[in-house]
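Have the structure open and follow along.

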Amino acid sequence: MAATDWESRLAAIVAEWEEGGRAALEKALTLEEVEAVRGSYLGRKGKLALLLRELGALPLEEKRRLGPRAQDAKRAIEEAAGLREKSLADFLDRAALKPLFNDPTLPGFLPPRGGLHPLTRIVDEVAEILLRLGFDWAEGPLIETERYNFEVLNIPEHHPSRDLMDTFYVSGAKGMVLRTHTSPVQGREMEKRTPPLRIFSPGRVFRRENVDATHSAVFHQIEGLCVDEGIGFADLKGTLEVFLKALLGPETKLRFRPSYFPFTEPSAEVDVQCFSCHGSGCGLCKRTGYIEMLGSGVVHSNVLKACGVDPGRWSGFAFGMGVERIAMLRWGVTDIRAFYESDVRVLGQFSR
Ligand SMILES: [Zn+2]
(Lines give C-alpha, C1' and ligand atoms only; values in the text may rest on other atoms or scores of the structure.)
Protein backbone atom coordinates (compact mmCIF):
# COMPACT_ATOMS: atom_id res chain seq x y z
CA MET A 1 0.00 0.00 0.00
CA ALA A 2 1.29 3.37 -0.88
CA ALA A 3 2.14 5.83 1.87
CA THR A 4 0.00 8.52 0.29
CA ASP A 5 -2.99 6.23 0.31
CA TRP A 6 -2.38 5.46 4.02
CA GLU A 7 -1.92 9.16 4.74
CA SER A 8 -5.21 10.14 3.11
CA ARG A 9 -7.08 7.40 5.01
CA LEU A 10 -5.63 8.75 8.26
CA ALA A 11 -6.71 12.27 7.30
CA ALA A 12 -10.24 11.00 6.59
CA ILE A 13 -10.44 9.25 9.96
CA VAL A 14 -9.17 12.36 11.82
CA ALA A 15 -11.64 14.56 9.92
CA GLU A 16 -14.51 12.20 10.73
CA TRP A 17 -13.48 12.20 14.41
CA GLU A 18 -13.31 15.97 14.52
CA GLU A 19 -16.62 16.43 12.70
CA GLY A 20 -18.73 13.71 14.30
CA GLY A 21 -16.90 11.31 16.61
CA ARG A 22 -15.95 13.84 19.28
CA ALA A 23 -19.50 15.23 19.34
CA ALA A 24 -20.95 11.68 19.56
CA LEU A 25 -18.78 11.07 22.62
CA GLU A 26 -19.95 14.25 24.28
CA LYS A 27 -23.57 13.22 23.73
CA ALA A 28 -23.04 9.72 25.14
CA LEU A 29 -25.25 9.19 28.21
CA THR A 30 -24.06 5.74 29.26
CA LEU A 31 -20.68 4.07 29.64
CA GLU A 32 -21.78 1.63 26.87
CA GLU A 33 -22.32 4.51 24.41
CA VAL A 34 -18.86 5.89 25.22
CA GLU A 35 -17.34 2.46 24.62
CA ALA A 36 -19.21 2.12 21.28
CA VAL A 37 -17.74 5.39 19.95
CA ARG A 38 -14.26 4.62 21.29
CA GLY A 39 -14.47 1.07 19.86
CA SER A 40 -15.42 2.31 16.39
CA TYR A 41 -11.96 3.95 16.24
CA LEU A 42 -9.78 1.96 18.57
CA GLY A 43 -11.55 -1.39 19.10
CA ARG A 44 -10.38 -4.67 17.55
CA LYS A 45 -12.07 -3.71 14.29
CA GLY A 46 -11.87 0.05 14.82
CA LYS A 47 -10.94 2.29 11.85
CA LEU A 48 -7.84 3.74 13.42
CA ALA A 49 -6.74 0.44 14.97
CA LEU A 50 -6.89 -1.27 11.57
CA LEU A 51 -4.94 1.55 9.94
CA LEU A 52 -2.28 1.42 12.64
CA ARG A 53 -1.87 -2.31 12.03
CA GLU A 54 -1.05 -1.53 8.37
CA LEU A 55 1.58 1.03 9.37
CA GLY A 56 4.14 -1.78 9.70
CA ALA A 57 4.02 -2.39 5.96
CA LEU A 58 5.19 1.14 5.08
CA PRO A 59 8.79 2.02 4.45
CA LEU A 60 10.75 3.03 7.54
CA GLU A 61 10.93 6.70 6.59
CA GLU A 62 7.16 6.89 6.08
CA LYS A 63 6.57 5.08 9.35
CA ARG A 64 8.63 7.73 11.16
CA ARG A 65 6.77 10.52 9.43
CA LEU A 66 3.22 9.19 9.72
CA GLY A 67 3.43 7.08 12.91
CA PRO A 68 3.40 10.05 15.37
CA ARG A 69 0.42 11.64 13.58
CA ALA A 70 -1.60 8.45 13.95
CA GLN A 71 -0.50 8.14 17.60
CA ASP A 72 -1.62 11.75 18.24
CA ALA A 73 -5.06 10.97 16.79
CA LYS A 74 -5.30 7.80 18.91
CA ARG A 75 -4.32 9.67 22.06
CA ALA A 76 -6.89 12.43 21.36
CA ILE A 77 -9.70 9.87 21.03
CA GLU A 78 -8.63 7.95 24.16
CA GLU A 79 -8.38 11.16 26.14
CA ALA A 80 -11.84 12.37 25.07
CA ALA A 81 -13.39 8.95 25.80
CA GLY A 82 -11.68 8.83 29.21
CA LEU A 83 -12.94 12.30 30.19
CA ARG A 84 -16.48 11.50 29.13
CA GLU A 85 -16.35 8.19 30.99
CA LYS A 86 -15.19 9.89 34.18
CA SER A 87 -17.79 12.64 34.16
CA LEU A 88 -20.52 10.07 33.44
CA ALA A 89 -19.31 7.88 36.33
CA ASP A 90 -19.29 10.89 38.68
CA PHE A 91 -22.79 11.78 37.58
CA LEU A 92 -24.03 8.23 38.08
CA ASP A 93 -22.43 8.11 41.57
CA ARG A 94 -24.20 11.29 42.54
CA ALA A 95 -27.44 10.01 41.06
CA ALA A 96 -27.12 6.82 43.08
CA LEU A 97 -26.66 8.81 46.32
CA LYS A 98 -29.29 11.36 45.50
CA PRO A 99 -32.34 9.52 46.89
CA LEU A 100 -30.65 9.32 50.32
CA PHE A 101 -30.44 13.08 50.66
CA ASN A 102 -33.06 14.45 48.40
CA ASP A 103 -36.10 12.22 48.80
CA PRO A 104 -38.74 14.44 50.37
CA THR A 105 -40.79 11.37 51.34
CA LEU A 106 -38.09 10.05 53.70
CA PRO A 107 -38.49 10.86 57.42
CA GLY A 108 -36.16 13.55 58.66
CA PHE A 109 -33.26 13.07 61.07
CA LEU A 110 -34.56 13.39 64.65
CA PRO A 111 -32.37 15.13 67.21
CA PRO A 112 -31.83 13.07 70.38
CA ARG A 113 -34.63 13.60 72.91
CA GLY A 114 -34.51 13.69 76.66
CA GLY A 115 -36.86 11.65 78.80
CA LEU A 116 -38.26 11.59 82.29
CA HIS A 117 -36.11 10.08 85.04
CA PRO A 118 -37.45 6.64 86.10
CA LEU A 119 -38.06 7.93 89.65
CA THR A 120 -40.02 10.87 88.25
CA ARG A 121 -42.09 8.44 86.21
CA ILE A 122 -42.99 6.40 89.30
CA VAL A 123 -43.89 9.56 91.26
CA ASP A 124 -46.03 10.76 88.32
CA GLU A 125 -47.85 7.44 88.10
CA VAL A 126 -48.54 7.29 91.82
CA ALA A 127 -49.63 10.93 91.83
CA GLU A 128 -52.04 10.36 88.95
CA ILE A 129 -53.77 7.56 90.85
CA LEU A 130 -53.92 9.39 94.19
CA LEU A 131 -55.14 12.64 92.60
CA ARG A 132 -57.94 10.61 91.05
CA LEU A 133 -58.80 9.24 94.51
CA GLY A 134 -59.17 12.78 95.80
CA PHE A 135 -55.78 13.26 97.46
CA ASP A 136 -53.99 16.63 97.14
CA TRP A 137 -50.29 16.99 96.33
CA ALA A 138 -48.45 18.46 99.33
CA GLU A 139 -44.78 19.23 99.90
CA GLY A 140 -42.59 20.04 102.86
CA PRO A 141 -39.04 21.26 103.48
CA LEU A 142 -36.05 18.89 103.20
CA ILE A 143 -34.42 20.48 106.25
CA GLU A 144 -36.96 19.80 108.98
CA THR A 145 -37.38 20.57 112.65
CA GLU A 146 -37.11 17.70 115.11
CA ARG A 147 -40.65 18.62 116.12
CA TYR A 148 -42.18 17.71 112.74
CA ASN A 149 -39.72 14.94 111.92
CA PHE A 150 -40.12 13.20 115.33
CA GLU A 151 -42.18 14.81 118.08
CA VAL A 152 -45.59 15.32 116.47
CA LEU A 153 -45.20 11.83 115.01
CA ASN A 154 -45.21 10.33 118.50
CA ILE A 155 -41.42 9.92 118.57
CA PRO A 156 -40.33 11.93 121.67
CA GLU A 157 -36.68 12.53 122.52
CA HIS A 158 -34.94 9.42 123.88
CA HIS A 159 -37.75 7.32 122.45
CA PRO A 160 -36.07 4.11 121.25
CA SER A 161 -37.67 4.39 117.84
CA ARG A 162 -35.46 7.39 117.01
CA ASP A 163 -32.74 4.78 116.77
CA LEU A 164 -34.69 3.15 113.92
CA MET A 165 -33.63 5.99 111.70
CA ASP A 166 -30.05 7.12 111.43
CA THR A 167 -30.51 10.83 111.28
CA PHE A 168 -28.36 13.60 109.78
CA TYR A 169 -28.36 16.51 112.24
CA VAL A 170 -27.65 19.96 110.81
CA SER A 171 -24.56 21.31 112.53
CA GLY A 172 -24.88 24.80 113.99
CA ALA A 173 -28.69 24.68 113.83
CA LYS A 174 -30.07 23.16 117.00
CA GLY A 175 -33.14 20.99 116.53
CA MET A 176 -32.79 20.84 112.73
CA VAL A 177 -32.40 17.60 110.79
CA LEU A 178 -32.46 16.44 107.21
CA ARG A 179 -35.88 14.80 107.18
CA THR A 180 -35.63 11.03 107.57
CA HIS A 181 -39.03 10.38 105.98
CA THR A 182 -41.84 12.26 104.22
CA SER A 183 -44.10 11.85 107.29
CA PRO A 184 -43.38 15.36 108.70
CA VAL A 185 -45.59 16.70 105.89
CA GLN A 186 -48.49 14.99 107.69
CA GLY A 187 -48.11 17.23 110.73
CA ARG A 188 -47.59 20.38 108.68
CA GLU A 189 -50.71 19.73 106.59
CA MET A 190 -52.88 18.82 109.59
CA GLU A 191 -51.88 22.10 111.24
CA LYS A 192 -52.48 24.07 108.07
CA ARG A 193 -55.83 22.59 107.05
CA THR A 194 -58.96 21.57 108.84
CA PRO A 195 -60.24 18.02 108.36
CA PRO A 196 -61.54 16.31 106.36
CA LEU A 197 -58.29 16.15 104.42
CA ARG A 198 -56.56 13.82 102.02
CA ILE A 199 -52.97 14.54 101.00
CA PHE A 200 -49.99 12.75 99.53
CA SER A 201 -46.44 13.95 99.59
CA PRO A 202 -43.63 12.69 97.37
CA GLY A 203 -40.07 13.76 98.05
CA ARG A 204 -36.47 13.22 98.98
CA VAL A 205 -35.45 11.83 102.37
CA PHE A 206 -32.09 11.29 104.07
CA ARG A 207 -30.58 8.57 106.27
CA ARG A 208 -27.10 7.94 107.50
CA GLU A 209 -26.65 4.75 105.52
CA ASN A 210 -23.59 3.20 103.98
CA VAL A 211 -24.23 3.31 100.25
CA ASP A 212 -24.41 -0.08 98.55
CA ALA A 213 -26.52 -1.82 95.90
CA THR A 214 -29.71 -1.60 97.98
CA HIS A 215 -29.03 1.36 100.31
CA SER A 216 -28.57 5.04 99.62
CA ALA A 217 -28.14 8.00 101.96
CA VAL A 218 -30.64 9.91 99.81
CA PHE A 219 -33.76 8.31 98.47
CA HIS A 220 -37.44 9.06 97.80
CA GLN A 221 -40.69 8.30 99.55
CA ILE A 222 -44.34 8.98 98.95
CA GLU A 223 -46.54 9.53 101.97
CA GLY A 224 -50.33 9.42 102.03
CA LEU A 225 -52.69 10.69 104.73
CA CYS A 226 -56.46 10.72 105.06
CA VAL A 227 -58.31 12.28 108.03
CA ASP A 228 -62.07 12.31 108.28
CA GLU A 229 -64.92 11.27 110.57
CA GLY A 230 -65.30 7.54 111.09
CA ILE A 231 -62.13 6.55 109.23
CA GLY A 232 -60.89 3.09 110.20
CA PHE A 233 -58.66 0.26 109.09
CA ALA A 234 -61.22 -0.90 106.49
CA ASP A 235 -60.88 2.46 104.70
CA LEU A 236 -57.11 2.05 104.65
CA LYS A 237 -57.44 -1.47 103.27
CA GLY A 238 -59.93 -0.46 100.58
CA THR A 239 -57.91 2.55 99.48
CA LEU A 240 -54.64 0.62 99.25
CA GLU A 241 -56.36 -2.17 97.35
CA VAL A 242 -57.64 0.27 94.72
CA PHE A 243 -54.31 2.14 94.68
CA LEU A 244 -52.03 -0.90 94.29
CA LYS A 245 -54.24 -2.51 91.65
CA ALA A 246 -54.13 0.73 89.65
CA LEU A 247 -50.35 0.91 90.05
CA LEU A 248 -49.40 -2.74 89.54
CA GLY A 249 -52.30 -4.27 87.63
CA PRO A 250 -55.85 -5.48 88.33
CA GLU A 251 -54.64 -9.02 89.21
CA THR A 252 -52.58 -7.74 92.15
CA LYS A 253 -53.20 -9.62 95.41
CA LEU A 254 -52.52 -7.89 98.73
CA ARG A 255 -51.46 -9.21 102.12
CA PHE A 256 -51.52 -7.16 105.34
CA ARG A 257 -49.01 -8.11 108.05
CA PRO A 258 -49.09 -6.64 111.59
CA SER A 259 -46.20 -4.29 112.13
CA TYR A 260 -45.04 -1.41 114.30
CA PHE A 261 -44.66 2.31 113.57
CA PRO A 262 -44.73 4.93 116.34
CA PHE A 263 -47.18 7.16 114.44
CA THR A 264 -49.84 4.54 113.61
CA GLU A 265 -51.84 2.10 115.71
CA PRO A 266 -52.63 -0.52 114.53
CA SER A 267 -49.85 -0.67 111.91
CA ALA A 268 -49.46 -2.99 108.95
CA GLU A 269 -46.90 -3.79 106.30
CA VAL A 270 -48.54 -4.36 102.95
CA ASP A 271 -47.16 -7.04 100.66
CA VAL A 272 -48.26 -7.80 97.12
CA GLN A 273 -48.18 -11.23 95.57
CA CYS A 274 -44.92 -11.61 93.62
CA PHE A 275 -45.57 -10.51 90.04
CA SER A 276 -42.71 -12.65 88.80
CA CYS A 277 -43.77 -16.08 90.15
CA HIS A 278 -47.39 -15.30 91.11
CA GLY A 279 -46.92 -16.62 94.61
CA SER A 280 -45.10 -19.89 94.02
CA GLY A 281 -41.74 -18.49 95.20
CA CYS A 282 -38.75 -17.20 93.24
CA GLY A 283 -35.54 -15.21 93.62
CA LEU A 284 -37.29 -11.84 93.39
CA CYS A 285 -39.60 -12.56 96.35
CA LYS A 286 -36.90 -14.55 98.21
CA ARG A 287 -39.06 -17.71 97.95
CA THR A 288 -41.88 -16.15 100.01
CA GLY A 289 -44.32 -15.53 97.13
CA TYR A 290 -44.87 -11.96 98.36
CA ILE A 291 -43.05 -8.63 97.99
CA GLU A 292 -43.09 -5.89 100.61
CA MET A 293 -44.61 -2.73 99.08
CA LEU A 294 -45.48 -0.22 101.78
CA GLY A 295 -46.03 0.58 105.44
CA SER A 296 -49.38 1.79 106.73
CA GLY A 297 -51.71 2.11 109.68
CA VAL A 298 -54.42 4.02 111.49
CA VAL A 299 -53.07 7.40 112.61
CA HIS A 300 -52.09 7.31 116.30
CA SER A 301 -54.31 9.54 118.47
CA ASN A 302 -51.15 11.17 119.90
CA VAL A 303 -50.27 12.38 116.37
CA LEU A 304 -53.73 13.88 115.86
CA LYS A 305 -53.55 15.60 119.26
CA ALA A 306 -50.05 16.99 118.59
CA CYS A 307 -51.31 18.56 115.37
CA GLY A 308 -54.43 20.11 116.92
CA VAL A 309 -56.90 17.57 115.55
CA ASP A 310 -59.50 16.26 118.01
CA PRO A 311 -59.17 12.46 118.09
CA GLY A 312 -62.64 12.27 119.68
CA ARG A 313 -64.14 13.43 116.39
CA TRP A 314 -61.56 12.69 113.68
CA SER A 315 -59.56 9.65 112.75
CA GLY A 316 -57.35 8.79 109.82
CA PHE A 317 -55.01 6.43 108.08
CA ALA A 318 -51.54 6.92 106.61
CA PHE A 319 -49.26 4.98 104.30
CA GLY A 320 -45.79 5.38 102.89
CA MET A 321 -43.68 3.74 100.24
CA GLY A 322 -40.20 3.90 98.73
CA VAL A 323 -40.05 5.22 95.18
CA GLU A 324 -36.74 3.50 94.37
CA ARG A 325 -38.12 0.18 95.58
CA ILE A 326 -41.09 0.36 93.21
CA ALA A 327 -38.84 1.41 90.31
CA MET A 328 -36.38 -1.43 91.03
CA LEU A 329 -39.19 -4.00 91.11
CA ARG A 330 -40.88 -2.52 88.04
CA TRP A 331 -37.79 -2.55 85.81
CA GLY A 332 -35.72 -5.28 87.44
CA VAL A 333 -33.00 -2.83 88.51
CA THR A 334 -30.66 -4.55 90.99
CA ASP A 335 -28.48 -1.59 91.98
CA ILE A 336 -30.09 1.50 93.51
CA ARG A 337 -27.07 3.62 92.57
CA ALA A 338 -28.09 3.38 88.88
CA PHE A 339 -30.77 6.00 89.62
CA TYR A 340 -28.33 8.65 90.84
CA GLU A 341 -25.34 8.28 88.53
CA SER A 342 -26.81 10.34 85.68
CA ASP A 343 -25.49 7.87 83.12
CA VAL A 344 -27.60 8.56 80.03
CA ARG A 345 -26.89 5.04 78.73
CA VAL A 346 -28.75 3.70 81.77
CA LEU A 347 -31.41 6.42 82.07
CA GLY A 348 -32.09 6.33 78.31
CA GLN A 349 -33.52 2.83 78.72
CA PHE A 350 -36.40 4.22 80.77
CA SER A 351 -37.31 7.22 78.63
CA ARG A 352 -40.56 7.05 76.80
ZN1 LIG B 1 -41.63 -14.56 93.31
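Is the crossing of α1 and α3 left-handed or right-handed? It's left-handed. Keep in mind that this is a predicted model.

| Helix pair | Axes | Angle |
|---|---|---|
| α1 (residues 3-27) and α3 (residues 47-54) | within 11 Å | roughly 160° |
| α5 (residues 118-132) and α10 (residues 323-331) | 9 Å apart | about 105° |

Let's start with the α1 and α3 pair. Angles over 145 degrees count as roughly antiparallel, and α1 and α3 cross at roughly 160°, so these two helices are roughly antiparallel to each other. On the α1 side, the residues that meet α3 are W6, R9, L10, I13 and E16, while α3 brings K47, L48, L51, L52 and E54. Sort the residues of this contact and you get 6 nonpolar, 4 charged and no polar.

Now for α5 and α10. Their angle is about 105°, and they are therefore roughly perpendicular to each other. From α5, the contact uses P118, L119, R121, I122, V123 and E125; from α10, it uses V323, E324, I326, A327, R330 and W331. This contact divides into 8 nonpolar and 4 charged residues, with no polar ones.

Finally, on to the metal. Which protein atoms are the donors of the zinc ion? They are the SG atoms of C274, C277, C282 and C285, lying 2.2 to 2.3 Å from the zinc ion. Along the sequence, these donor residues follow the spacing C-x2-C-x4-C-x2-C. The angles among the 4 donor atoms are 106 to 115°, and the site is tetrahedral. For comparison, the ideal angle for four tetrahedral donors is 109.5 degrees.

Technical notes: Residues are numbered from 1 along each chain as its sequence is written. This is a predicted model: local features need pLDDT of at least 70, side-chain atom pairs count only at pLDDT 80 or more; totals for chains, interfaces and linings use all residues. Side-chain values use heavy atoms; hydrogens and water are left out. Axes are lines fitted to C-alpha atoms, for helices over the stretch in contact, and angles run from 0 to 180 degrees between N-to-C directions. Helices (H or I, at least four residues) and strands (E, at least two) are DSSP runs, numbered from the N terminus. Angles under 35 degrees count as roughly parallel, over 145 as roughly antiparallel, 65 to 115 as roughly perpendicular and the rest as oblique. A crossing is left-handed if the near helix is turned anticlockwise from the far one by less than a right angle, and right-handed if clockwise. Contact means heavy atoms within 4.5 Å. Ala, Val, Leu, Ile, Met, Phe, Trp, Tyr, Cys and Pro count as nonpolar, Asp, Glu, Lys and Arg as charged, and the others, Gly among them, as polar. Donors are N, O and S atoms within 2.8 Å of the metal (3.2 Å for Na, K and Ca); water is not among the atoms, so sites may look incomplete. Four donors count as tetrahedral if all angles lie between 85 and 135 degrees; four count as square planar and six as octahedral if opposite donors are over 155 degrees apart and all others between 65 and 115; anything else is irregular.
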